[in-house]
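Hi,

Here is the structure I promised to pass on to you. Have a look at it first, and then read my notes below.

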Amino acid sequence: MSGRSCLTANDWICGEYVRSRGQELADATVQHVWITVVSVVIGLLIAFPLALLARGRDGRRSRFAGPVLGLTTVLYTVPSLAMFSLLLPVFGLSAAVVVTGLVLYSLTVLVRNILAGLEAVPAEAREAALGMGYGRGRLLWEVELPLALPALLAGVRIATVSTVALTTVGAIVGYGGLGTLIVDGLDSLFRAQVLTASVICVLLAVVADLLLLGLQRALTPWTRAPGRRTPRIRTGRPSVRTTRIAKAG
Amino acid sequence: MGAIGDAFTWLATGANWQGESGVWNRLAEHLYFSGVCLLLSCLIALPVALWLGHLGRGGALAVNLSNVGRAIPTLAVLILLTLTPLGKQGDLPTVIALVLFAVPPLLTNAYIGMREVDRAVVEAARGMGMSGRQVFVRVELPLAYPLVMTGLRSAAVQVVATATLAAMAGEGGLGRIITAGFNTYNTPQVVAGALLVAALALLVEGVLVAADRLLDPRRRGAARRATA
């Protein structure tokens with residue numbers, strides 16, 4: 001009986017809510033996670049060629065760098081509710097609206113970080129590889145990409161954490177994962193639902209950040225090896241600046 | 001392109017601009033909220049950040065605040081505040097949420113701006129006999145200016161975005177045109193509202209970039225501002 005009373009009393013914290021609506025919460029969490037993962041992965045697949053385009057073949061910034069960085073910054077300035085609404089006539093009420101919007105937002109951080117990472121590759125390393133007869137593709141995959149990895153992964157972490165938070169706004173088209181539960185909870189003034197979904201959402205962001213941190217450490221062990229002369233990569237000013245942008249709303 | 005055309009037809013209809021839920025009133029609400037909250041955030045964040053930066057303390061707090069802010073969904077905070085007893089105090093939940101999300105970029109950027117001032121320059125100023133106050137006003141503040149302005153731009157864009165989301169928690173502002181359009185399955189209105197919001201955000205950013213250029217105490221910040 002005490003369990004039912006916390007639902008009828010509309011308490012903020014209610015174990016009975018979690019027990020009786022566990023499936024609903026799980027479904028929303030799953031939707032939240034796949035929207036985030038799909039968005040960041042597509043974002044990465046688009047950001048990488050864009051960063052290469054902005055960098056140019058000779059390792060310096062090409063004439064495309066200005067337009068690419070400028071366009072992604074403009075996209076970033078558009079508030080999320082407006083972004084999703086502008087995409088509505090293109091995709092209708094579907095998850096594609098939310099994923100496309102989130103991809104466009106993630107590009108800003110990802111392109112800047114990948115570009116900064118590639119630009120921080122020492123010229124000597126490039127020249128040594130070219131002198132050893134490496135082709136363009138091999139130079140990119142075996143020399144430049146590994147050296148740019150710390151900056152790239154730092155960008156992925158920031159993009160992922162912001163994407164988890166921004167996914168909630170997708171509730172406006174019915175594909176907001178936990179955000180949909182939060183907005184429905186406002187309509188029915190259901191406190192336990194709003195608080196529980198919000199807490200899970202923040203936990204998702206924290207867990208994603210820690211997982212990516214683990215991945216970063218596993219993939220780039222040299223960045224934390226103490227006492228050894230290591231190829232230290234500066235993330236460069238642009239990426240350092242980028243990390244201070246907080247996209248919310 | 002039909003949707004964009006319909007949206008412009010909606011915008012060209014005079015009746016949509018009049019009355020309580022018209023564009024003019026929603027724009028006024030939006031600007032009022034954003035302006036008040038941005039001012040409030042500056043009054044809270046800048047003195048703290050500049051003072052901590054001057055003393056060189058509290059760095060971890062100032063930097064981590066932005067990282068934490070990124071993980072917190074704005075929409076969840078708006079709705080949580082609306083459901084608390086504060087929700088009965090009219091616009092208070094929105095004001096709190098707007099300030100909450102504008103403070104981190106202001107604080108972090110101003111603090112880092114102060115800390116990135118070349119220590120050798122500060123030492124030289126001290127050596128010339130400048131007092132702590134003179135060092136702060138004449139040396140540190142002008143040199144930290146570009147990053148303080150970057151923080152202000154971030155915060156302003158953030159405030160405009162958060163004020164839009166406030167509509168999903170039942171508040172006014174331009175976002176209300178979008179949510180009302182969704183409720184009545186009126187896509188032209190949704191797109192028109194979105195265009196207005198996007199234009200406002202870009203305008204705010206543009207005006208602040210221009211103001212930044214005009215006011216830069218060193219008047220040669222172009223290179224330093226290339227990243228933002």
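Let's start where the chains meet. The contact draws 45 residues from chain A and 45 residues from chain B, where contact means heavy atoms within 4.5 Å. Between them, chain A and chain B bury about 4000 Å², with 74% of it on carbon and sulfur atoms; buried area is the accessible area (1.4 Å probe) that two parts lose on being put together, summed over both.

A word on the source: this is a predicted model, in which local features need pLDDT of at least 70 and side-chain atom pairs count only at pLDDT 80 or more, while totals for chains, interfaces and linings use all residues. Residues are numbered from 1 along each chain as its sequence is written, chains are lettered from A and ligands numbered from 1 in the order in which they are written, and side-chain values use heavy atoms, leaving out hydrogens and water.

How many salt bridges are there between chain A and chain B? The count is zero, taking a salt bridge as a side-chain nitrogen of Lys or Arg within 4 Å of a carboxyl oxygen of Asp or Glu. Over all chains, the count comes to ten. One salt bridge joins A:Arg19 to A:Glu16, with the closest N and O atoms 3.4 Å apart. These two residues are separated by about one helical turn, because they sit three residues apart in helix H2 (residues 15–20) of chain A. Helices here are DSSP runs (H or I, at least four residues), numbered from the N terminus.

Now for helix packing. In chain A, helix H6 (residues 95–119) and helix H8 (residues 136–167) pack at an angle of about 150 degrees, their axes 8 Å apart. Axes are lines fitted to C-alpha atoms over the stretch in contact, and angles run from 0 to 180 degrees between N-to-C directions. H6(A) and H8(A) are therefore roughly antiparallel to each other, a term for angles over 145 degrees.

In chain B, the axes of helix H6 (residues 119–127) and helix H7 (residues 132–165) come within 10 Å and cross at roughly 160 degrees. H6(B) and H7(B) are therefore roughly antiparallel too. Among the residues that meet are B:Val121 and B:Ala125 in H6(B), and B:Val139 and B:Leu143 in H7(B).

Finally, two loops to look at. A:Leu189, in the loop between helix H9 (178–187) and helix H10 (191–219) of chain A, has a positive phi near 50 degrees. B:Tyr185, in the loop between helix H8 (175–183) and helix H9 (187–215) of chain B, has a phi near 50 degrees, also positive. Most residues other than glycine have a negative phi.

Happy exploring!

Definitions and conventions
Angles under 35 degrees count as roughly parallel, over 145 as roughly antiparallel, 65 to 115 as roughly perpendicular and the rest as oblique.
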